[in-house]
Amino acid sequence: MCCDRASRLAEGQDVPPSRLHSDGPLAPLDLLKGRPQVPVPPPTVPDPYDISTAAAAAAAAPTGRFARRTAGMTASEIRALFAVASRPEVVSLAGGMPNLAALPLDTLAAEVGQLVASEGQTALQYGSAQGTPALREQICEVMRLEGIPASAGALGSCPAYRARVVHVAMGARGLGPQSLRNALESLARQGITPKFLYTIPNFHNPAGVTLAVERRTEILEICVSHGVAVVEDNPYGLLGFSGTVYPALRSFDRDVVYLGSFSKTFASGLRVGWALVPPAVRDRMVLAAESATLCPPTFNQMIVSRYLQTQDWRSQVKTFTAAYRERRDAMLAALETHLPPGCSWNVPDGGFYVWLTVPEGVDTKAMLPRAVTARVAYASGTGFYADGFGSRQLRLSYCYPTPERIEEGVRRLAGVLGAELDVMRTFGVPARTPRLRSGPDAPSPDTA
Ligand SMILES: Cc1ncc(COP(=O)(O)O)c(C=O)c1O
């Protein structure tokens with residue numbers, strides 16, 4: 001991916017914004033610079049319940065030997081949480097793990113066995129940076145469902161690089177056109193032209209909202225008029241509960257960089273995704289991919305390819321969405337039943353996530369260890385924002401636990417929230433002043 005997943009709460013709204021990126025200067029010669037060495041701290045036994053362990057270890061590393069851009073590689077709260085949340089007694093509403101129990105695993109096992117027996121010499125060999133030819137063709141077929149006419153020649157993948165992130169407000173109908181205009185104009189006044197807008201139009205992670213179809217061309221026009229490229233990240237697009245497949249931004253504009261993934265519609269463990277990029281970007285991207293990984297794993301690609309070829313993957317996607325819809329309903333019903341007054345949440349029409357805003361004064365990051373002690377896990381809002389924003393929000397994933405576990409998890413969460421509110425009432429804990437953005441690049445509220 002071309003960007004980190006951090007984002008920041010925009011003033012006056014409660015849905016995490018999309019992002020604009022502008023590269024900072026790279027420091028390729030850092031490895032050669034003589035810097036004073038920082039002493040390495042003695043090794044400590046990591047506490048799996050301490051989600052700051054990885055961040056602390058990273059902070060204590062002898063950073064003088066690393067390129068400056070590695071400073072941006074901070075431990076994700078969400079990843080660290082997986083370790084805690086995977087304990088069986090914890091109801092994990094934290095991770096976006098697909099419900100793989102819905103896959104025909106026996107059939108897949110037989111297909112994988114056959115793949116090794118019949119094409120093992122290719123499947124277990126190095127391949128090209130651009131991916132296996134058959135899968136590239138099949139991906140084009142998948143994208144046609146979202147109105148994208150693509151040929152296998154434009155596919156590639158890209159490595160991660162640091163970017164300066166500016167946030168754009170979103171509302172219930174997704175990214176706000178006026179917020180985007182305001183952000184771009186504010187940046188223009190500072191002499192900054194962002195390189196690209198990164199956006200998740202369908203069933204947003206973590207906000208669960210979808211960009212209204214009538215906004216899509218407007219967003220593209222705004223970006224074109226400001227000379228800003230668009231990166232569309234769309235792993236959830238086929239997972240709509242009403243069966244509607246929204247037209248991709250890329251279907252309106254061939255210059256959009258489109259990112260797809262089989263993680264949510266097939267199997268996340270295979271780590272197979274793709275990018276559809278305009279010709280001007282493609283060659284660079286292939287070179288960058290080659291220099292980063294040489295080539296993606298051939299075996300995994302051939303498994304995906306065989307799956308698409310031999311299985312009714314469209315029906316499988318329907319099976320997945322039926323399961324996710326049932327779980328979404330279970331979560332919404334449980335939230336309605338158990339949560340204390342003052343909480344609000346969206347009703348997602350697809351994807352994996354409910355975005356919850358808790359009463360003022362509750363800090364979802366600080367509350368997380370107490371929630372885990374009460375055997376429920378979630379992803380605190382701060383994990384999706386830079387610099388500690390999002391402390392009144394949390395993301396609940398309904399994709400993985402059964403409906404019964406979801407209801408139990410929400411009941412536990414409600415208990416923890418109730419206890420926080422009791423403490424605040426009893427001791428008169430002053431409501432924390434929410435950290436709001438200020439300054440010239442602050443995006444304006446978008447309540448639409
Ligand atoms: C916004 C977004 N993009 C992409 C992905 C898929 O990532 P990958 O293809 O690396 O599994 C996810 C999964 O959580 C996601 O939420």
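Visitor: How many helices and strands are there in the protein chain?
Guide: The protein chain has 13 helices and 14 strands. Helices (H or I, at least four residues) and strands (E, at least two) are DSSP runs, numbered from the N terminus. This is a predicted model, where local features need pLDDT of at least 70 and side-chain atom pairs count only at pLDDT 80 or more, while totals for chains, interfaces and linings use all residues. Residues are numbered from 1 along each chain as its sequence is written.

Visitor: What share of the residues count as buried?
Guide: 40% of the 448 residues of the protein chain. A residue is buried if 20 or more other C-beta atoms lie within 10 Å of its own, exposed if 12 or fewer, and partly exposed in between, with C-beta atoms placed from the backbone.

Visitor: OK, the ligand. Which residues surround it?
Guide: The ligand is surrounded by Gly-96, Ile-200, Asn-205, Asp-233, Pro-235, Ser-261, Ser-263, Ser-268 and Gly-273. A residue is near a molecule or strand if its C-beta atom, placed from the backbone, lies within 6 Å of it.

Visitor: And by class?
Guide: Two nonpolar, six polar and one charged. Ala, Val, Leu, Ile, Met, Phe, Trp, Tyr, Cys and Pro count as nonpolar, Asp, Glu, Lys and Arg as charged, and the others, Gly among them, as polar.

Visitor: You listed Asn-205. What is the peptide bond from there to Pro-206, cis or trans?
Guide: Cis, with omega near 15°. Pro-206 sits in the loop between β6 and α6 (213-225).

Visitor: Which residue in that loop has a positive phi?
Guide: Phe-203, which lies in the loop between β6 and α6, has a positive phi of about 50° although it is not a glycine. Phe-203 counts as buried because it has 26 C-beta neighbours inside 10 Å.

Visitor: What is Pro-348 in contact with?
Guide: Leaving aside neighbours within four places in sequence, Pro-348 is in contact with Phe-203, Gly-208, Arg-328, Tyr-353 and Val-354. Two residues are in contact if their C-beta atoms, placed from the backbone, lie within 7 Å. Pro-348 itself is in the loop between β10 (344-345) and β11 (353-357).

Visitor: Back to β6. Which way do its residues point?
Guide: In β6 (residues 196-199), Phe-196 and Tyr-198 point one way and Leu-197 and Thr-199 the other, and all are buried. In a regular strand the side chains alternate between the two faces of the sheet.

Visitor: How does β6 pair with β7, parallel or antiparallel?
Guide: Parallel, over four bridges, with β7 covering residues 229-233. Tyr-198 has Val-231 of β7 as its bridge partner. Two strands pair if DSSP finds at least two bridges between them.

Visitor: What about the open sheet of four strands, what order?
Guide: β10-β11-β14-β13, with antiparallel pairing. β10 and β13 (379-380) are the edge strands, each pairing on one side only.

Visitor: Now helix α4. Which residues are buried?
Guide: Leu-135, Arg-136, Gln-138, Ile-139, Val-142 and Met-143. They cover an arc of only 165° around the axis, so they are on the same side of α4. That arc is taken from the directions from the helix axis to the C-beta atoms.

Visitor: Which exposed residues are on the face turned away?
Guide: Glu-141 and Arg-144.

Visitor: Last one: what covers the buried residues of α10?
Guide: The cover includes α3 (105-123), α4, α8 (263-267) and α11 (313-338). The buried residues of α10 include Phe-299, Met-302 and Tyr-307.
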